[in-house]
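Hi,

Here is the structure I promised to pass on.

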Amino acid sequence: MVAPPIVKGTAAWKYFGDFRAGLLAGQVLLLQVAHPVVAAGVRDHSNYAEDPWTRLMRTAASLSIYIYGGPEGAQFEADRLREMHKAFKGVDADGHRYSALNPHAYAWVHATLVMVPVDTQRFFGHPLSNAELGEYYAQMCEVGLMLGLRERDLPPDWAAFERYYDAMIDGFDMNETIETLFDTIRTVKKPIDLLPDRWWRPLRRWQHTAQLFVIRGTLPPAFRDRLGLQWTVRQQRRFDRFRRVVRFGAGLVPVPFRSTYVRSVGRVNVWLRAHPKAQRLLIRA
């Protein structure tokens, strides 16, 4: 299928920036670092454990450019990321040398991001139709090629992508970086220094419980079991109620407004890329 441009009304434009995708932030990061090369790269070169809030905002800002920043903005961001990741090299947990641009690991990170909007609608909205899945996947393949992925690393259609995605997860198990991620969720620092500790402590306990609940509920069951994450019938019923509440609440928001925030972030970031002086002043502030 030839991918249509990502413009208003197309599948990627409609679904990628849905605000409900934020519920899957923990799940997608866990799935990414389940890959041994990604796990080693995050362990050696990421500060997510010390400052997960900034890492999350930068990731969201970068992703917004690909979908809502126009072709030039998306290409600029893709080139910037590839150049940055060239320096990310080291030795993984098995003693093998790795590179962040390892094509299989790079393709896996892209695959997890491709799946986010689909899972968002599957869990918290209404599943995409076959026609929408075909259009959406073709558009995301174009994004992948822009990022520097090889055409042979991209399954030819959605059905093949699902088989690839499931097979990858079947080969993953617990690793040190996943354990660090769980610890970070439990001990995460407050996002704003001015927030009083007495307020943050109960909020941190709540976000820890909520994050793990959503991660457990949205992970593939077999992988969840391999990680040793308990999941009971009672928890599944609670999760199903939670899904219905989110689906109902989001249903009150008109479709174009569900991605307004992410689209705005994309446009702002494209402007900042074109005005580096303003970007530097903002970072200093």
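**What sits around α3**

The buried residues of α3 pack against α2, β1 (89–91), β2 (97–99), α6 and α9 (176–187). The helix itself covers residues 36–45, and its buried residues are V37, V38, A39, A40, G41 and V42. Keep in mind that this is a predicted model, so everything here is computed from it.

For the overall picture, the protein has 14 helices and 2 strands. Of its 285 residues, 44% count as buried. If you take the contacts with a separation of 6 or more, 73% of them are between residues 24 or more positions apart.

**α2 and its two partners**

Two of the elements around α3, namely α6 and α9, also turn up as packing partners of α2, so I'll take those pairs in turn.

Start with α6. Helix α2 (residues 25–33) packs with helix α6 (residues 103–124) at an angle of about 155°, and the axes are 10 Å apart. Angles over 145 degrees count as roughly antiparallel, and α2 and α6 are therefore roughly antiparallel to each other. Their crossing is right-handed. On the α2 side the contact is made by Q27, V28, L31 and Q32, and on the α6 side by W108, V109, T112, L113, V116 and D119. Sorted by class, that contact has 6 nonpolar, 3 polar and 1 charged residues.

Now α9. Here the axes of α2 and α9 come within 9 Å and cross at roughly 160°, which makes α2 roughly antiparallel to α9. This crossing is right-handed too. From α2 the contact takes in G26, L29, L30 and V33, and from α9 it takes in T177, I178, L181 and F182.

- An α-helix has 3.6 residues a turn, so residues three or four places apart point the same way. Is D119 buried or exposed? At 6% relative accessibility, D119 counts as buried, while R122 counts as partly exposed at 41%. D119 is also one of the α6 residues in the contact with α2.

- E132 lies in helix α7 (residues 130–146) and K14 in helix α1 (residues 11–15), so the pair ties together parts that are 118 residues apart in sequence. K14 is partly exposed, with a relative accessible area of 29%.

- D197 counts as partly exposed at 43% relative accessibility, and K190 counts as partly exposed at 21%. Buried means under 20%.

**Where to look**

If you open the model with α2 in view, you can follow its contact with α6 through residues including L31 and W108, then its contact with α9 through residues including L30 and F182.

Cheers

Technical notes
Residues numbered from 1 in each chain as written. Predicted model: local features only at pLDDT ≥ 70, side-chain atom pairs only at ≥ 80, totals over all residues. Heavy atoms only, no water. Axes fitted to C-alpha atoms, helices over the stretch in contact; angles between N-to-C directions. Helix = DSSP H or I, 4+ residues; strand = E, 2+ residues; numbered from the N terminus. Parallel < 35°, antiparallel > 145°, perpendicular 65-115°, else oblique. Left-handed = near helix turned anticlockwise from the far one by under 90°. Contact = heavy atoms within 4.5 Å. Nonpolar A, V, L, I, M, F, W, Y, C, P; charged D, E, K, R; others polar. Buried < 20%, exposed > 50% of the residue type's maximum accessible area, 1.4 Å probe, protein only.
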